[in-house]
Amino acid sequence: MESMEGWLYLIGSNRLMMTNPRKRYVVLCGNQARFYKDKPAHREEAPIKSGTVDPYKRVADHGRENILGRTLFVFTVYDSYIHEDKLKFGARSSEEAAKWMEAFKEAAEQIHLPGKDRSFVTAGGRRRYPFRLSVRRGSVVRDPSGGSGTVNNHLFREDSTTLAGLRLFKEATDHHGLKSMIRGEDPPALMSVGVVHATCESVFETVMALGSSRAEWDFCYLKGRVIEHIDGHSDIVHKHFHKFWLSSRMKPRDLVVHRYWRREDDGSYVILYTSVNHEKCPPRRKFVRAWLKSGGYVISPLPTQGGYPNRCMVKHILTVDWKNWKSCWSPCRDKDITLKVLERVAALKEFYKIKPSDYMPSSMGPNVRQPARCKLPVAQKENILPIHLNDDAAAFLLEEKNVGKSMFQQLAEDEFFDVPEDSAWDLELDRDLDGQQQNTDLEETSDEDKSGGIPKISAAATIVKRFHGITAQKRTYQDTDQDDIDLLTREGTLPKISSSGTTSCYQSAEASTFLIRGKHYLQDRKKVVAKDPVMQFVAADWLKSNKREDHLANRPSYPVQLFLANQRKKEGRVDDAFFFIINIQVPGSTTYSLALYYMITQPLSDFPLLENFVHGDDRYRNAGFKLIPHIAKGSWIVKQSVGKTACLIGEALEITYHSGKNYIELDVDIGSSSVAKGVVNLVLGYLSTLVIELAFLIQANTEEELPEYLLGTCRLVNLDIAKAIPARPE
């Protein structure tokens, strides 16, 4: 690992218990962290604090916080065994915070974990936590680690002859106009996509700002304020819109939305909006309160092209009820209004023609009003090329001939399917097929694209691939008695996918959907396609109750004990099966529980990482149990809310562990995190239309533990809340 150094704010409390951010120059070299009041003049200069980052340290992102008038991006470095042993840092930008978080994670991997016999705290033992900082007193420096490390305005303008171009999409859904509107179904989402010559971080800050800088590009915006700050990644925002861009007979609109954001590992930013009702902001008399059902931005980095070092792709998606008067004689204008709002992406492109590509807006005030009717003129649109995409990612372009018409009229009624988001291994596979990576620039389209000749894997190849995976999985579990497996499947309340039913059912997900750490991850930081899981997915329960249903594995009427009882009845059979149960609990007026049962017949000693997890303590388990989510089919808002990034569940949610001779059960309480509960409640609203895929594994942190392997996968198809079965009494 290369050394990293720079300024950070060390956030603590003073004697009056008030937050006190102190600016420190931090040098991180290997696994040694050193803190200085000023930038050191030479490498021998003694730090005011120093310490060692050991493999038990974890990094948690806390998003944005306003501390004493400073907007900082906050993260903590803490001990996975003792969460109180932590340091809280603040950076001036999200990119800077992301680099430091990644640096601390790499530093934690510099030291190998202790051997198996020393991985856990013994009854009379005392574990050492080397990250406790030493403090300099006079000229004496106390360093418990005993180690030492070596301390190691561009204005971007686009060619004026280039026209601002957008591509517009409409989500392909089962919405059928008036009939669907009567049933109360949401209309399809509309999306505009454009390439902006700026950094992702700059565009993110510009879109998030509510101050006067927003009026320079957002022609809809009048004023806005933050009503409530929830946490570093979410808040409640009130926005007023101008009237002049609406019909003359319409009142101005306003919105109260829950705003959530996150930064992905690849440098992309996701901003999500959903309307809410808030007691601090009731409807105003001169405004009509619109209702944003779902929407937001996805800002993704693009490679350098044409001498422009900073480029990003901006997707803006909206589904809004503008509260227009609707009747059979007056067609709804919601779509036309939404399309006008989506034109802000073109305005954003024009905005960065006169701003540096790394421009940062001024700090946001509590309630800032835009100058009177300050509208950024949008350049004349080039021919808009609507794209029709199918599930296999085969795109064909339809060239528009109505150059003089508004871009909104050019959209017409052409539908689109969700723009596919290829994973890293998909892109590598594409490069193997055609010898080069596909061009992702939306402003330029190759002749090959126009003819529909995008290289892709055929449907037949995909079927063969899935069949091969299923065959391999059957070979892996061929030693298990099929009658026993059938017994488990029958006893689960959630049925397995069959030809007779395709809703509210389950099956194993394809392992190649997921990426996990490879053998040389600590050196190359690359993830590889997962192989078949080591455990078999044998049963699932979909339960409802008026309370939490814990420790299902020990109940006589549930699959595990029924299976073990059946095993005991057979002469000469040994209870060699071991179960891994994941019980996901969603609290509320009615508590829903999704219990997934996995089984392995091989000895646990064949899988040291799993064996350490089973026999370890709760803190060790919380620091290693990982979930990888994937929404295979669903609306855009759900896909963006859930994401596809691996998560250490024990660090975000409360998990209760129950162990027995033949099983370990993990009861995951979704209600222990307000953020997770909000995401799951959103998912529940769309649950019957979703196909959800999950993978479970234990994180590998050392050379000895790598490569990672999947414990199990699952694919949940169109779960129906109404089909949840009441939990049987204990």
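## Strands, sheets and cysteines in a predicted model

Strand 24 and strand 26 (residues 591-600) run antiparallel and pair over 9 bridges. The model is predicted.

- Strand 24 covers residues 536-545 and includes Ala539.
- Trp542 has Leu594, in strand 26, as its bridge partner.
- Ala539 counts as buried because its relative accessibility is 0%.
- Ala539 and Tyr598 are 59 residues apart in sequence, yet their C-alpha atoms are 7.3 Å apart in space.

- Strand 21 is joined to strand 32 (residues 710-717) by 3 bridges, and the two run antiparallel.
- Tyr506 sits opposite Leu716 of strand 32.

- Strand 2 (residues 19-29) and strand 3 run antiparallel, joined by 5 bridges.
- Cys29 stands opposite Gln32 of strand 3.
- Strands 2 and 3 form a hairpin with 2 residues between them. Gly30 lies in the turn and has a positive phi of about 65°.
- Strand 3 also pairs with strand 4 (residues 49-52), in the antiparallel sense, over 4 bridges.
- The partner of Phe35 in strand 4 is Lys49.
- Strand 3 (residues 32-36) is mostly covered, with 5 of its 5 residues buried.
- In a regular strand, side chains alternate between the two faces of the sheet.
- Gln32, Arg34 and Tyr36 point one way from strand 3, while Ala33 and Phe35 point the other way. All of these residues are buried.

**Helix 13**

- Helix 13 spans residues 608-615 and is mostly covered. Of its 8 residues, 6 are buried.
- The buried set consists of Leu609, Leu610, Glu611, Asn612, Phe613 and Val614.

**Cysteines**

- The disulfide count is 0.
- The cysteine sulfur closest to that of Cys200 belongs to Cys312. The two sulfurs are 4.7 Å apart, too far for a bond, because a disulfide needs a pair of cysteine sulfur atoms within 2.5 Å.
- Cys200 is buried, with a relative accessible area of 8%.
- Cys714 also counts as buried, at 0% relative accessibility.
- The cut-off behind these burial calls is a relative accessible area under 20%.

Note on methods
Residues numbered from 1 in each chain as written. Predicted model: local features only at pLDDT ≥ 70, side-chain atom pairs only at ≥ 80, totals over all residues. Heavy atoms only, no water. Buried < 20%, exposed > 50% of the residue type's maximum accessible area, 1.4 Å probe, protein only. Pairing = 2+ DSSP bridges.
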